[in-house]
Amino acid sequence: MAKKKLGLDDLGGFVFSTNDDFDGNEHQETDETLAPEDQYLEAHFSSKGRGGKTVTIIKGFQGTNDDLVILGKKLKKKCGVGGSAKDGEIIIQGDDREKIMELLKKDGYNVKRVGG
């Protein structure tokens with residue numbers, strides 16, 4: 001069953017504009033990455049929608065997508081597992097929540113365990 005599109009964000013942002021001077025890129029987020037001590041991350045555990053496979057999801061990262069990918073690569077390497085970093089979330093294969101929280105705290109991030 002296909003996922004329903006509910007709004008403009010689900011369609012990728014702007015769909016059409018009649019303004020000749022419109023530049024869709026000017027509305028792109030250009031967030032600067034906050035310092036680790038100013039970030040409040042959440043460590044989630046999930047197996048929904050993944051065929052029963054468990055993952056650890058880190059949410060709440062505030063910064064550029066490049067910095068998110070770099071942090072994701074670091075966590076994946078330290079845990080020796082795969083995963084991805086996109087849409088403001090880092091997804092790490094397996095239930096390594098405690099280890100990931102410890103690594104993030106060591107780097108100065110504020111991490112909170114969320115859910116079971």
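Hi everyone, let's start with helix 2, residues 97-106, which lies across strand 1, strand 2, strand 4 and strand 5 and runs at about 160° to strand 5. Angles here go from 0 to 180 degrees between N-to-C directions, with axes fitted to C-alpha atoms, for helices over the stretch in contact. Helices (H or I, at least four residues) and strands (E, at least two) are DSSP runs, numbered from the N terminus.

A quick word on the source: this is a predicted model, where local features need pLDDT of at least 70 and side-chain atom pairs count only at pLDDT 80 or more, while totals for chains, interfaces and linings use all residues. Residues are numbered from 1 along each chain as its sequence is written, and side-chain values use heavy atoms, leaving out hydrogens and water.

Now the sheet. What is the order of its strands? This open sheet of 5 strands reads 3-4-2-1-5, with mixed pairing; two strands pair if DSSP finds at least two bridges between them. Strand 3 and strand 5 (110-113) are the edges, each pairing on one side only. From one strand to the next, the twist averages 20°. Helix 1 packs on this sheet, touching strand 3 and strand 4, and its direction makes about 20° with that of strand 4. Elsewhere in the sheet, strand 1 and strand 2 pair in the antiparallel sense over 5 bridges, and E42 has K59 in strand 2 as its bridge partner.

Let's stay with helix 1. Which of its residues are buried, meaning under 20% relative accessible area with a 1.4 Å probe, protein chains only? They are L68, L71, G72, L75 and C79. Just after the helix, G80 takes a positive phi of about 70°.

Finally, the largest nonpolar core: it has 17 residues, and L71 and L75 are among those with the most contacts inside it. Such a core is a set of buried Ala, Val, Leu, Ile, Met, Phe, Trp, Tyr and Cys residues joined through side-chain atoms within 4.5 Å. Beyond its neighbours within four places in sequence, L71 is in contact (heavy atoms within 4.5 Å) with F61, I90, L104 and Y109.

Methods
Buried < 20%, exposed > 50% of the residue type's maximum accessible area, 1.4 Å probe, protein only.
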